[in-house]
Amino acid sequence: MNKICHIEIDERGLARPTPEIEQERKVAIFDLLEENAFGLPLREGREIPAGPYRLGLAIREGRLVFSISTENETPVGEFHLSLGPFRQVVKDYFQICESYFDAVKRLPPSQIEAIDMARRGIHNEGARVLQERLEGKAVVDTATSRRLFTLICVLHWG
């Protein structure tokens with residue numbers, strides 16, 4: 001089974017999230033665990049243990065860290081990604097989310113829908129960047145990449 005069965009976010013050093021950010025995280029984790037596609041490619045001829053996998057996400061020394069282990073917690077591997085390619089899209093995503101949360105409180109549905117479409121577009125861009133960055137390290141589908149991008153945004157909040 002090539003999927004994620006557990007997610008742990010290393011919150012050490014992160015700022016306390018706003019209620020909206022906390023809700024985004026909970027929804028992303030719930031949705032991700034309900035349905036995802038996550039696999040590890042063969043590397044240097046080494047056999048990769050089959051999933052499901054446990055995934056740890058953290059930011060350490062300015063890098064995004066993916067720690068992967070089997071369901072019984074046997075370490076499989078760890079890889080680090082530069083945060084640079086994510087900075088602008090995360091910043092844009094936070095700005096549009098702030099506009100969206102504000103709009104929900106005071107604007108008519110038609111204007112909320114327009115902002116939500118823009119939010120989804122930026123979210124899709126973040127998911128695309130993540131899939132590119134994961135190339136050769138992990139294989140994920142678009143829905144999984146979108147949910148992982150949400151969790152990366154939560155880590156950036158700190």
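**Entry 1: the cavity**

I began with the lining of the largest cavity, to which α1 (19-34), α2 and α4 each supply at least two residues. The model I am reading is a predicted one. I then asked which helix gives the most to this lining. That helix is α2, with 4 residues.

Sorted by class, the lining has 7 nonpolar, 1 polar and 1 charged residues. I noted the volume of the largest cavity as about 70 Å³. A search of the whole structure for cavities of 30 Å³ or more finds 1.

**Entry 2: aromatic pairs**

I next looked up how many aromatic pairs the structure holds. The count is 4. One of them joins F38 and Y53 in an edge-to-face arrangement, with 6.0 Å from centre to centre and 70° between the planes. F38 belongs to strand β2 (residues 38-39) and Y53 to strand β3 (residues 53-60), so this pair ties together parts that are 15 residues apart in sequence. Both F38 and Y53 are buried.

I turned then to Y93 and F149, an aromatic pair that is also edge-to-face, at 5.6 Å centre to centre and with 70° between the planes. Here distant parts of the chain are linked, for Y93 lies in helix α2 (residues 84-106) and F149 in helix α4 (residues 142-157), 56 residues apart.

Y93 has a relative accessible area of 3%, so I recorded Y93 as buried. F149 has 0%, so F149 is buried as well.

**Entry 3: helix α3**

I checked the length of helix α3 (residues 109-134) against expectation. At 1.5 Å a residue, its 26 residues should span 38 Å. The C-alpha atoms at its ends are 37 Å apart, which agrees.

I also asked which residues of α3 are buried. They are I112, I115, D116, R119, H123, G126, A127, V129, L130 and L134.

Finally, I looked up what follows α3. It is G136, whose phi is positive, near 85°.

Notes:
Residues numbered from 1 in each chain as written. Predicted model: local features only at pLDDT ≥ 70, side-chain atom pairs only at ≥ 80, totals over all residues. Heavy atoms only, no water. Expected span 1.5 Å × (residues − 1). Buried < 20%, exposed > 50% of the residue type's maximum accessible area, 1.4 Å probe, protein only. Phe/Tyr/Trp six-rings, centres within 6.5 Å; stacked < 30°, edge-to-face > 60°. 1 Å grid on protein atoms, 1.4 Å probe; cavity = no way out; pocket = protein on both sides within 12 Å on 5 of 7 lines; lining within 4 Å. Points joined across faces, edges and corners; volume = space filled by probe spheres on them. Nonpolar A, V, L, I, M, F, W, Y, C, P; charged D, E, K, R; others polar.
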